[in-house]
Amino acid sequence: MAVLSRLMLRFRTSSTIRSFCTKYSEIDLTRAASAEALSSALPVEDSKEKGRNVQWVFLGCPGVGKGTYAVRLSKLLGVSHIATGDLVRQELSSDGPLSSQLAEIVNQGKLISDEIIINLLSKRLEEIQAKGETGFILDGFPRTVRQAEILEGVTDIGLVINLKLREEALIAKCLGRRICSECGGNYNVACIDIKGEDGSPRMYMPPLLPPPNCESKLITRSDDTEEVVKERLRVYNEKSRPVEEFYRARGKLLEFDLPGGIPESWTKLLQALNLDDHEDKKSAAA
């Protein structure tokens, strides 16, 4: 699937947004407030801004690696990476009014309400706007069709990248995640080696080990237990799979099966997006 080298940001006027929201207000009045909050925070296009003005979304099961590839892609394109998971974790670590409510939801592996997510996302977009930045890659939003409808009502998403990974590899990957309590670095101690069967290729994902100074400081996320991981996958299949169909029907969905570890998958993802990472090539040649 070819991807245009430039995707211009196009935000609808507030009157159009209000009309869109009113259409759904008979079903759920909170949707209008959510869309207004989100639209007011979206950055306005600056004709002087250089670089790629992309507006993309990463989809995929929890733990598939959306953050890893979204961060790399945002750096390559020079746009902001917005991870709703990070926004939630930041709120959890604060003394904000939502922290205790979020802790209970996250520890049970349930989806956070649209109102909470959009509130957090709006604040992040306001920060981007204040910096004069344009373009962004969303990671972890939207997770429901309702959220996708709200997002469609205020902006035109150019591309939705759906990362896919075998379930057995996904569970092992989630259980192997570790975080350095000091620097915040993300690592993975799982060594995944799945033999190819029934025509499927072998999958090998080596561990992403920490440097020596972080080894003794590794911690596990409280929600990375087998029970919670399986519950997250169940909820995702029930609530988020329809989001894939939502964007597939609009011709915006790019399906990408992760073939293995980061080096192999990153190269093939760039090929699928018709992009070139010159810095990555320089590092490989060095």
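Q: What follows helix 6, and what's its phi like?
A: Glycine 132 follows helix 6, and its phi is positive, near 75°. Keep in mind that this is a predicted model: local features need pLDDT of at least 70, side-chain atom pairs count only at pLDDT 80 or more, and totals for chains, interfaces and linings use all residues. Residues are numbered from 1 along each chain as its sequence is written, and side-chain values use heavy atoms, leaving out hydrogens and water.

Q: How far apart are the end C-alpha atoms of helix 6?
A: They are 24 Å apart, which agrees with the 24 Å that 17 residues (114-130) should span at 1.5 Å a residue. The expected span is 1.5 Å times one less than the number of residues. Helices are DSSP runs of H or I with at least four residues, strands are E runs of at least two, and both are numbered from the N terminus.

Q: Which residues of helix 6 are buried?
A: Asp114, Ile116, Ile117, Ile118, Leu120, Leu121, Ser122, Arg124, Leu125 and Ile128 are. Buried means under 20% relative accessible area, exposed means over 50%, and partly exposed is in between (1.4 Å probe, protein chains only).

Q: OK, and helix 3, which of its residues are buried?
A: Lys66, Tyr69, Ala70, Leu73, Ser74 and Leu77. Seen down the axis of helix 3, these buried residues fall within an arc of 135°, so they line one face of the helix. The arc is taken over the directions from the helix axis to the C-beta atoms.

Q: What covers them?
A: The cover includes strand 1, strand 2, strand 3, strand 4 and helix 10 (262-272). Contact means heavy atoms within 4.5 Å. Axes are lines fitted to C-alpha atoms, for helices over the stretch in contact, and angles run from 0 to 180 degrees between N-to-C directions.

Q: And what is helix 3 followed by?
A: Glycine 78, with a positive phi near 75°.

Q: Switching to the sheet: what's the strand order?
A: Five strands make an open sheet in the order 2-3-1-4-10, with parallel pairing. Strand 2 (80-83) and strand 10 (253-257) stand at the edges with a single partner strand each, so one side of each is left without a neighbour in the sheet. On average, neighbouring strands are turned by 20° against each other, direction ignored. Two strands count as paired if DSSP finds at least two bridges between them.

Q: How many bridges join strand 1 and strand 3?
A: Four, in the parallel sense, between residues 55-60 and 136-139. Phenylalanine 58 has aspartate 139 of strand 3 as its bridge partner, while tryptophan 56 stands opposite isoleucine 137. Helix 9 (226-248) packs on this sheet too, touching strand 1, strand 4 and strand 10, and its direction makes about 140° with that of strand 1.

Q: What about strand 2 and strand 3, how many bridges there?
A: Four bridges as well, and the two strands run parallel. Serine 80 stands opposite phenylalanine 136 in strand 3.

Q: Now strand 5 and strand 6: parallel or antiparallel?
A: Antiparallel, with three bridges between residues 177-180 and 186-188. Isoleucine 179 stands opposite asparagine 186. Their hairpin has five residues between the strands, and glycine 184 takes a positive phi near 85° there.

Q: How does strand 5 pair with strand 9?
A: In the antiparallel sense, over two bridges to residues 218-219. Cysteine 180 stands opposite leucine 218 in strand 9.

Q: Where's lysine 217?
A: In the loop between strand 8 (203-205) and strand 9. Lysine 217 is partly exposed, with a relative accessible area of 24%. Leaving aside residues up to four places away in sequence, lysine 217 touches Ile179, Cys180, Ser181 and Glu182. From lysine 217 to arginine 178 is 39 residues in sequence and 9.5 Å in space, C-alpha to C-alpha.

Q: Last one: how many helices and strands in the protein?
A: There are 11 helices and 10 strands. Of the 286 residues, 48% count as buried.
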